[in-house]
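Q: I would like to learn how to read the features of a model such as this one. Please take them one at a time, with the general idea before the case.

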Amino acid sequence: QVQLVESGGGSVQPGDSLRLSCAASGFIWDYYAIGWFRQAPGKEREGVSCISSSDSSTYYADSVKGRFTISRDNGQNTVYVYLQMNSLSPEDTGVYYCAAGVEFTTIRALCIHPIHGMDYWGEGTLVSVSS
């Protein structure tokens with residue numbers, strides 16, 4: 001059974017840090033990119049950061065460059081993808097989803113247009129940044 005389970009969300013103040021985790025299991029993820037997407041209230045879902053299966057290629061949205069870092073641990077049965085988020089601002093508030101898709105195109109394209117390439121999605125974890 002394919003599962004992507006997010007964890008690590010919470011309520012923090014501006015300037016704080018959070019580390020999100022995504023545990024992907026039940027599948028062979030060798031050729032799958034995995035990424036983080038977020039949806040703020042009243043806004044469309046957007047790609048935050050994505051990483052290739054080999055860990056050699058990453059993408060970051062302009063709004064998070066220099067503040068967020070994505071990393072991947074390809075375990076034997078479960079792949080873990082982390083999103084280290086620093087210097088959080090209220091604009092980072094939203095539900096963060098983990099998703100996986102075959103790398104049939106660039107990591108950037110998969111991240112910007114997830115509806116065309118991300119096949120599996122988690123349930124999401126809420127990040128709330130406010131003072």
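This is a predicted model: local features need pLDDT of at least 70, side-chain atom pairs count only at pLDDT 80 or more; totals for chains, interfaces and linings use all residues.

**Contacts of a loop residue**

A: Residues are numbered from 1 along each chain as its sequence is written, and side-chain values use heavy atoms, with hydrogens and water left out.

Q: Where is the place of arginine 67, and does arginine 67 count as buried or exposed?

A: Elements are DSSP runs, numbered from the N terminus: helices are H or I with at least four residues, strands are E with at least two. Arginine 67 sits in the loop between β6 (58-60) and β7 (68-74). For burial, buried means under 20% relative accessible area, exposed means over 50%, and partly exposed lies in between, with a 1.4 Å probe and protein chains only. Arginine 67 has 18% relative accessibility, so it counts as buried.

Q: What is the phi of serine 87, and where is the place of that residue?

A: Most residues other than glycine have a negative phi. Serine 87 has a phi near 50°, a positive value in a residue other than glycine. Serine 87 belongs to the loop between β8 (78-85) and β9. With a relative accessible area of 44%, serine 87 is partly exposed.

Q: How many bridges join β3 to β8, and over how many do β7 and β8 pair?

A: Two strands pair if DSSP finds at least two bridges between them. β3 and β8 run antiparallel and are joined by 8 bridges; serine 25 has threonine 78 in β8 as its bridge partner. β7 and β8 also pair in the antiparallel sense, over 7 bridges, with phenylalanine 68 opposite methionine 85 in β8. A hairpin is formed by β7 and β8, with 3 residues between them. As for burial, 6 of the 8 residues of β8 are buried.

Q: Which residues have the most contacts inside the largest nonpolar core?

A: A nonpolar core is a set of buried Ala, Val, Leu, Ile, Met, Phe, Trp, Tyr and Cys residues joined through side-chain atoms within 4.5 Å. The largest one here has 36 residues, and Trp36, Phe68, Val81, Leu83, Met85 and Tyr96 have the most contacts inside it. Strand β4 (residues 32-39) gives the most to this core, with 5 residues.

Q: How many aromatic pairs are there?

A: Rings of Phe, Tyr and Trp (its six-membered ring) pair if their centres lie within 6.5 Å; planes under 30 degrees apart count as stacked, over 60 as edge-to-face and the rest as tilted. The count by this rule is 9 aromatic pairs. Tryptophan 29 and tyrosine 32 have ring centres 5.4 Å apart and planes at 90°, so the pair is edge-to-face. Both tryptophan 29 and tyrosine 32 are buried. Tryptophan 29 and tyrosine 120 have ring centres 5.9 Å apart and planes at 90°, so this pair is edge-to-face. It links distant parts of the chain, 91 residues apart: tryptophan 29 in the loop between β3 (18-25) and β4, tyrosine 120 in strand β10 (residues 120-121). Tyrosine 120, at 25% relative accessibility, counts as partly exposed. Ring pairs link Phe27, Trp29, Tyr32 and Tyr120 into a cluster.

Q: Which residue lies over the face of tyrosine 82, and which over the face of tyrosine 97?

A: A charge sits over a ring if NZ of Lys or CZ of Arg is within 6 Å of the ring centre and within 35 degrees of the ring normal. Arginine 19 lies over tyrosine 82, at 4.0 Å from the ring centre. Arginine 45 lies over tyrosine 97, at 4.0 Å from the ring centre.

Q: How many disulfides does the structure hold?

A: A disulfide is a covalent bond between the sulfur atoms of two cysteines; the cut-off used is a pair of sulfur atoms within 2.5 Å. The structure holds 2 disulfides. Cysteine 22 and cysteine 98 have their sulfur atoms 1.9 Å apart, and the torsion about their S-S bond is about -70°, so this disulfide is left-handed. Cysteine 50 is joined to cysteine 111, S to S 2.1 Å; here the torsion is about 85°, so the disulfide is right-handed. Numbering the bonded cysteines of the chain in sequence order gives the pairing 1-3, 2-4.
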